[in-house]
Amino acid sequence: MRGKNSFQPHERIRRSADFQRVKNAGKRAKTRHFGLNIIPNDLEYHRLGLVVQKRFWCAVKRNRIKRVIREWFRLDKAQIPMPPKDIVIIARPGAEKMNPVELRAEFLPVFGKQDGTH
RNA sequence: GAAGCAGGGCAGAUGAUCGCCGCCGGCGCGAUGAGUGCCGGGGGAGGAAAGUCCGGGCUCCACAGGGCAGGGUGCUGGGUAACUCCCAGUCUCGGUAACGAGGAGGAAAGCGCAACAGAAAGCAGACCGCCUCGCCCGCUUGCGAGCGGGGUAAGGGUGAAACGGCGAGGUAAGAGCUCACCGGUCCCGAUGGUGACAUCGGGAGCCAGGCAAACCCCACCCGGAGCAAGACCAAAUAGGAGAGCGAUUGAGGGCCGCCCGCCCGAGGCUCUCGGGUUGGUCGCUUGAUCCAGCCGGUAACGGCUGGGCUAGAGGAAUGAUCAUCACCCCCGCGGCCCUUGGGCUUCGAGGGGAACAGAACCCGGCUUAUGACCUGCUUCGGAU
RNA sequence: GUCCCCAUCGUCUAGUCCGGUCCAGGACACCGGCCUUUCACGCCGGCGACGCCGGUUCAAAUCCGGCUGGGGACG
């Protein structure tokens, strides 16, 4: 087995239909720099999808945002409460200045509140 | 020391941990396959990867053919696969200089353009002025005022631009009208250079410019699309509806601007609508390649020999954390110079910063963005 | 990734091909005044733009380069 902190291809949302399902039917949350859509899936693990629009940033900054979010998911996915979910994160202007520590602090309340609901 | 000019390479390094994407080897599941998981090894963005502004390779459009249209280039010679690129040179312009910039063919081939101002703006032009003649008036009798005819481009004023400059002669006043010198234009000759051109000598004449980065003429170049090119495999739906046309005397299609020419060509062809798929493999990285040495060349570059090649993704991989060492700035302490203030420098136990920016078929350039450093040169200032 | 197109007052636009008539015209909006008891309508006046940087030219919104910012198409 790989380490539990890995991020493998099947944990990634790729298909356009999956993005549409999460966006239309999922619960929405909003933080200072991101929008999140979340919906439970039928699998045994969480999945992550990223939306970083081309119109706001150049290629280097887009890659930077996606890497930092994936780094968060890789390290903290065990903390996400258990019915497995599809999570789509939409970056908003200002997100390119986030470092991993700030990002973790920003996402913590979102999933902490979820824990309390059930 | 200050300011500036030109050129050069670099794009933080090392280690640890957790991860990502290909490749190779081994093992497991599976059917010996397709896949998939684990372990090990090795690799993984740039000088601009960018803008997509030029030029090629490659692929398809029959074979890439002719003409027109359209587009591009534009001093000379060389380099190159090719170029709007590079190198060397010529001329012009800018700069005190080092050096830099130049789309630098043609306006006595054509159609044209020049607002406003000004008298006049394209085979120039009399508003004021200057000179002269005629008429008339005044008087101090050769001067003044007015009107009219003529001569004149020296002077004034306008303009972006007004047809050489200056001196002498000449004249009623003037004028290249004539002459000397200077400047430019054109023609002829000599010398140097492959050539652009330069230098020198002689002559003509001062009849006359600018805009081609609007059209145009001349010379040369360019067929069109683009890896979402293109080739193959698998799956799935349908085997439809409408319109147009047609059989060798040629419907229609291809060569994606048009014509010629060529080719394919029939119980089918084309267009539109409707329906299905939203997969995989190849192309896909060894190439006009990079490094070193020698040779030819002023150089760009070329030749030979030896060696190296390890990104090839596909909703798109290089990241995070920590430590140490280098670089820069601030701060603190010490030393020196010294006019309160400031400058230079050693040390560190502190704090902060480190640019522009991410391959998408591949190369050669251009342009734009950007960090710290090194070397050479120029001008000015100081010291010797 | 590749290939195209566009940019003028706060908004919609004319002028760009073929340079000067343009310190850029019009409509709506905004501001001030007149009319009206007041508002609206109407009339008069004002404010206000050639995306940016170079070049050619006597002269550039217009011609030629280079940037910047938008928009579109493509199996």
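The following legends describe close-up views of a predicted model.

Local features are given where pLDDT is at least 70 and side-chain atom pairs where pLDDT is 80 or more, whereas totals for chains, interfaces and linings use all residues. Residues are numbered from 1 along each chain as its sequence is written, chains are lettered from A and ligands numbered from 1 in the order in which they are written, and side-chain values use heavy atoms, without hydrogens and water.

**View 1. The salt bridge between K77 and E11.** A salt bridge is defined as a side-chain nitrogen of Lys or Arg within 4 Å of a carboxyl oxygen of Asp or Glu; by this rule the count is 4. In the pair formed by K77 and E11, the closest N and O atoms are 2.7 Å apart. K77 belongs to the loop between α2 (59-76) and β4 (85-91) and E11 to the segment before α1 (16-25), so this pair ties together parts that are 66 residues apart in sequence. Helices (H or I, at least four residues) and strands (E, at least two) are DSSP runs, numbered from the N terminus. K77 is buried, with a relative accessible area of 14%, and E11 is likewise buried, at 6%. Here buried denotes a relative accessible area under 20%, exposed over 50% and partly exposed in between (1.4 Å probe, protein chains only).

**View 2. The surroundings of S6.** S6 is located in the segment before α1 and is buried, its relative accessible area being 17%. When neighbours within four places in sequence are left aside, S6 is in contact (heavy atoms within 4.5 Å) with E11, R74 and K77. Two of these residues, E11 and K77, are joined to each other by a salt bridge.

**View 3. The salt bridge between D86 and R47.** The side chains of D86 and R47 meet with an N to O distance of 3.0 Å. D86 lies in strand β4 and R47 in strand β3 (residues 47-51), so the pair ties together parts that are 39 residues apart in sequence. D86 is buried at 0% relative accessibility, and R47 is buried at 13%.

**View 4. Helix α2 and its two faces.** Helix α2 comprises 18 residues and reaches 26 Å from its first C-alpha to its last, close to the 26 Å expected at 1.5 Å a residue; the expected span is 1.5 Å times one less than the number of residues. Buried residues of α2 are R62, I65, V68, I69, W72, F73 and D76. Viewed down the helix axis, they fall within an arc of 135° and so line one face of α2, the arc being that of the directions from the axis to the C-beta atoms. V60 and R67 are exposed on the face turned away from the buried side.

**View 5. The salt bridge between E71 and R74 within α2.** The side chains of E71 and R74 meet at 2.8 Å, N to O. These residues are 3 apart in helix α2, a separation of about one helical turn. Both ends of the pair are partly exposed: E71 has a relative accessible area of 31%, and R74 one of 26%.

**View 6. G26 in the loop between α1 and β1 (27-30)**. G26 is buried, with 14% relative accessibility. Apart from neighbours within four places in sequence, G26 is in contact with R21, I38 and I39. The C-alpha atoms of G26 and E96, residues 70 apart along the chain, are separated by 25 Å.
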